[in-house]
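Below is a short walk through one structure, taken a few side chains at a time. Please keep the sequence and the 3D view open while reading.

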Amino acid sequence: MEKPKKVYSLLVKPAGANCNLNCTYCFYLEKNDLFAPAKKLRMSDDTLKKLYMQIGEEAYEYLSFTWQGGEPSLMGLPFYKNAMKLNDKYCEGVFIDYGFQTNAILLNKYWAKFFADNSFLLGVSLDGPEHIHDKYRKDIGGKGTFNTAFDNLKMLLDHDVKVNVLGCVNDYSVDFPEETYNFYKSSGLDFMQFIPILEPDKNNPEQAASYSVPPEKYGEFLCKIFDLWMNDFKNGKPGNSVRNFESVFFNYAGFESPECTFQDECGKYLVIEYNGNVYPCDFFVEEELCLGNIHKDKLSQMLNTGLQNKFGHAKAVRKEECSHCPWLTKCYGGCIKDRVKNPADRHHFYFCESYKMFYNHADEQLKRLAAEWKANNNQI
């Protein structure tokens, strides 16, 4: 019998798939059709209250909680101030670590003060300098969004808000690893995360969309970023944070990676939509995978349903070639969505070649870093 999973991580979409941008590569805008096409999707006060009541009853001492979308800032600042009041009222004894993933377009100094006062970690989407960011990140009128996003990002830093920059790697940006990395560094963006884009072509699902990043190029990109990251080490410590490599480092140090991409099993967190519906993963908000609704079902029960467990175990069903791969215990077959969306073979990890290139390139240095960390922390 499986040990019950604990509620320790939630991703909440209070505005559903609604967004004030129209980025070319967005996979989530189409989720509007799952709920109410063209309708303004907003979490009600009643659903918000129910969510916090459930957290107080169901969560343990620590909870990772990320507001996401669509674009969560569409809810307006008063919504989140109310959320913090509910936090204080219903969640005594639970430390909630708040994240907020945003395009930053609607933010101002009042938002910044709120984020700083409540120790939010902001995940801000900025693909790189202007020519890279504006290639695909357009507003609804088709105009680039770099200037507003970058100005507001700097405003967040000026208010001492913790910021993690999220850079999507697509067919265009993949050719500029050094420019992108140095741009982030020079802008004071010391916490970076790179997200590879893969989506099927809408007119021909048997092909990857033109903006998807080719596996070989993504592998080269990772190797170059890794070298830049290593070059910034001083006195054995990194000069900045690149989540991609830090997540991998956990496996080298003998721990489970905090990132589900590099774990053996999925299904360890829950996604909550604006109406209270609950799903197993951000990439699998599908009608047939709805686990229930917080108005009638308990979070802990939904996290441990047969449907959720089946979804989680699916990751371990890999191609035979994976069992012979020397990097299996580092990548675990990658993210399931990058198998399902692989136009060539929907059981094969699209970025397999990318990670083989990366591990072959970085393995010795990651082993050395792990050995040094263990020695310094009495782990040997």
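Contact here means that heavy atoms lie within 4.5 Å. The model is a predicted one. With that cut-off, and leaving aside neighbours within four places in sequence, Lys5 is in contact with Gly267, Lys268, Leu303, Asn304, Gln308 and Asn309. Lys5 itself belongs to the segment before strand E1, which spans residues 9-12.

Lys5 is buried but has no salt bridge. The nearest side chain of opposite charge is that of Glu265, at 4.7 Å. The side chain of Lys5 does reach the backbone oxygen of Leu303, at 3.4 Å.

Next come the aromatic rings. The structure holds 46 aromatic pairs. One of them joins Tyr80 and Phe100 in an edge-to-face arrangement, with 5.2 Å from centre to centre and 75° between the planes. Tyr80 lies in helix H3 (residues 77-90) and Phe100 in strand E3 (residues 95-102), so this pair ties together parts that are 20 residues apart in sequence. Tyr80 is buried, with a relative accessible area of 1%, and Phe100 also counts as buried, at 1% relative accessibility.

Rings also take part in another kind of arrangement, with lysine. The charged end of Lys135 sits over the ring of Tyr172, 5.2 Å from the ring centre. Likewise, the charged end of Lys330 sits over the ring of Tyr252, and here the distance to the ring centre is 4.7 Å.

Conventions:
Residues are numbered from 1 along each chain as its sequence is written. This is a predicted model: local features need pLDDT of at least 70, side-chain atom pairs count only at pLDDT 80 or more; totals for chains, interfaces and linings use all residues. Side-chain values use heavy atoms; hydrogens and water are left out. Helices (H or I, at least four residues) and strands (E, at least two) are DSSP runs, numbered from the N terminus. Buried means under 20% relative accessible area, exposed over 50%, partly exposed in between (1.4 Å probe, protein chains only). Lys and Arg count as positive and Asp and Glu as negative; His and the chain ends are not counted. A salt bridge is a side-chain nitrogen of Lys or Arg within 4 Å of a carboxyl oxygen of Asp or Glu. A polar contact is a pair of N or O atoms within 3.5 Å; within protein, one must be able to donate a hydrogen and the other to accept it, and residues adjacent in sequence count only if both atoms are side-chain atoms. Rings of Phe, Tyr and Trp (its six-membered ring) pair if their centres lie within 6.5 Å; planes under 30 degrees apart count as stacked, over 60 as edge-to-face and the rest as tilted. A charge sits over a ring if NZ of Lys or CZ of Arg is within 6 Å of the ring centre and within 35 degrees of the ring normal.
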